[in-house]
Structures are given as structure tokens and as C-alpha cells.
Amino acid sequence: MPLSANTLKFIFCSFMLLLLLSACQVATTHLPEEFQNDNSALPAIAGMQTTIDDIAGSGGNLGRLAALQKQIETRGLAPYLSSQHIDWYGLQKNLIIEIPGKSSQIIYFVAHYDKTDANPLTFVSLMLNGFLDTLISPIFLSDGALDNATGVSVLLELAQQRSRLENYYTYRFLFVGSEETGLRGSRVHVARLADAEKASIQFAINVDTVGVKGAENCITDGVSDPQLSYQAIAAAKKLGYTLESDPSPTYSTSDYLPFQELSFASDFAYGLQLNFVGGILPQRSWFADPGSVPVLNFSSCGIMQSSADFITSFLLPFGQLHSFRDSAELVDLGELYELYLILDGMLGRIEKDGVNKDPFYRIVKHDGISSIQPVSAN
Ligand SMILES: [Zn+2]
């Protein structure tokens, strides 16, 4: 999740101290004992563990991209894979796994694979729309395990699960790059979608920084569509889990944003807000037709607020995210598995409704944001 102007202006101060810190060794996730003999849970949990360790242990953002691609191939998902150039400011790409269904209606899942550090070099790079990323991301102190190898790991498991089933909906799993440098991967992806394609998107679920040790997974209120939130909470309840809600984030944002609202005006405004002067450099995502898709965002409870608060308070990159503290040791695989089951349960219900010809009913509210209506209101 990128930080806004208020937060980033403080980060300059930390430069000298950061240079004194040496690179730490990469920690790995620990498989909890309770799952070691659980035959129903073990394949998914072990899969997520491998994904996180591979991505977190692969250095800079291009290494992470290569590790993700390898994970996709290892899981037999290569036939569904395509990649997408992001922009001329960097070498990162978006990877897309599309699992076809009977219907051409699309359900999106989104997670970013890139990472960042809170330091003055990344701040400069941010103002150049991520131009220095290839050079500087291999020396980041952060492993980017929590933010956001966790989200990627949950989505990869879901993609693999969907690829084994006969689906009604078409599922598009979008693994975006350049999220930490101004949501550039998701903004350009949505901007490039044709109008008809955009109209066939039912909703988009974004997963960013989940399964953080000591925190429950949360739905992000305000951002998330009420009907989708209701369906996720119902799926959790059926499994005997509780799903909490977090207030709308003040300091950070994530890849749900361009799905929720995209037009020339909004994209230009995001550019200025997220990349400062970089926002006035020419970019493809300016050329976006207006559109809005209902979204649902998952993050660990408190994380979208507290990480930015912490950095702002201490003027140093010592928050739980975007710093050396973001390591695989802090991943709770049990929480990740819980979220995977909740999403899988939610899809099970949505698939059933889809087969029963119970389509989503969408309205666009007065503020231009698209929302799903309860089936009973249709
Ligand atoms: Zn993130």
C-alpha cells in the first residue's frame, strides 16, 4: 500500500540513518504444528508458505516478478498466464491468470507483488514514477513478505483451486507490479480495458497485507461494497470465523482504487497525490474512459492505519510495513488459510447463484461509485 503526501514528506529525514543499517538475512515462514498433520489444510498452507518464502527471498522487484512467474508455472497455471507491460518508467509487469468460465462475466482478484522501503531514495524514485526501482529495490531492507507476498499467496491458491473446477464466472487473477510507486500497474491495467470488457466485470476483490501475526483479517469499510462485505461475512460465519471491519484508510490506499473509480480526472488526481511531480509526467493511465466497479478490500485489521501512523510519528522507516520489520517471520499461515477458505466459500455461493441465473444487479450511486444491490431488491 503506497503512502500519501502527508506521510512521505517526513521520510526524507531518515536517509543517513538508513545508510547505516546493513541488509538482514531473509527470514522464512514457520508452518504451525497444528497443520502439520492436517491433510485437508496442508496442501494449501504449504503452497502459501512456499509462495511467500520464494517471493520474499528473491531480492528486488524484478526478482519477485520472476519468483511469482515460477510459482505460477510450478502450479500448472502457465496455460492461463499472460503478462502486460506497465509503462516506460520501469521494467515491472502485470501477470494475469485467467480461468475461463461458462459466462463471459468476469470476477477480478487483485494483489500486488512489488515491495518498497520507506527511504529517501524511494521517495525520489516515486517522484519519477518508480524510475529508479530496478536499481534500488534489490537493496531494500524490507522482505515485502507481509506487504504483499501474503496477498499473492492467497490468490495463487484460489487460482489453482478455480482451475480444477467447472466455473460459471470467468476469473481473472491480476498480480500487479508498481503498486508501491503510485498504483501504476492497476491504474494502467484498468485504463487499457475496453468498455465492453469493463462492463462485464462483476466486481473486484483486492487483497493487500493479510495474515499478519497478532492481527485478524479485516474488510476495509467505506471502500468495500456493502453487499460484497455481507457475502464475505456470511461465508466466514458459515465456517465459524468472524470477519472484522476496519474504517476507511486515511494514510494509505491500494489497487482497489482504479477499479472503484477511473477517469481522466481521477487518474490525474491520483498521480499528483501518489507521485507528486511525477503525476505531471506523461502516462497511459490518463487516457481512461470513466468507469466504476464494486470492490471489496481485505487487509489485516489496523494495518492500513497504523503502519503509516507509525512512520509519521517516528520519522523513520521502522513501521511494520515498508521496513526491515516486514519479514516472513511475522506471517500467520493460519490466518492466511482462514482468508483463503472464506474467499473460496464466498465464491462457492456466488457460483451457485450464477448457475441459477441470479445475476448481479448493479447501480451507480450519485457519487459515481458502482454498487451491488441485494438480489431481493432486483
Ligand atoms: Zn501493499
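Let's start with helix α8, residues 184-192, which is mostly covered: eight of its nine residues are buried. Keep in mind that we are looking at a predicted model. The buried ones are R184, G185, S186, R187, V188, H189, V190 and A191.

Eight strands make an open, mixed sheet, and the order is β1-β2-β4-β3-β5-β8-β6-β7. Find β1 and β7 at the edges: each has a single partner strand, so one side of each has no neighbour in the sheet. From one strand to the next, the twist averages 25°.

Now look at one pair, β6 and β7. They run parallel and are joined over three bridges, and I219 stands opposite S245 in β7. Our friend α8 packs on this sheet too, touching β1, β2, β3 and β4, and its direction makes about 140° with that of β4. Helix α10, residues 226-239, also packs on the sheet, where it touches β5, β6 and β8. The angle between the directions of α10 and β8 is about 50°.

In soluble globular proteins, nonpolar side chains tend to be buried together. Here the largest nonpolar core has 85 residues, and Y108, L155, F203 and A204 have the most contacts inside it. Which helix gives the most to this core? That is α14, residues 333-355, with ten residues.

Terms used
Residues are numbered from 1 along each chain as its sequence is written. This is a predicted model: local features need pLDDT of at least 70, side-chain atom pairs count only at pLDDT 80 or more; totals for chains, interfaces and linings use all residues. A residue is buried if 20 or more other C-beta atoms lie within 10 Å of its own, exposed if 12 or fewer, and partly exposed in between; C-beta atoms are placed from the backbone. Helices (H or I, at least four residues) and strands (E, at least two) are DSSP runs, numbered from the N terminus. A nonpolar core is a set of buried Ala, Val, Leu, Ile, Met, Phe, Trp, Tyr and Cys residues joined through C-beta atoms within 7 Å. Two strands pair if DSSP finds at least two bridges between them. Axes are lines fitted to C-alpha atoms, for helices over the stretch in contact, and angles run from 0 to 180 degrees between N-to-C directions. Two residues are in contact if their C-beta atoms, placed from the backbone, lie within 7 Å.
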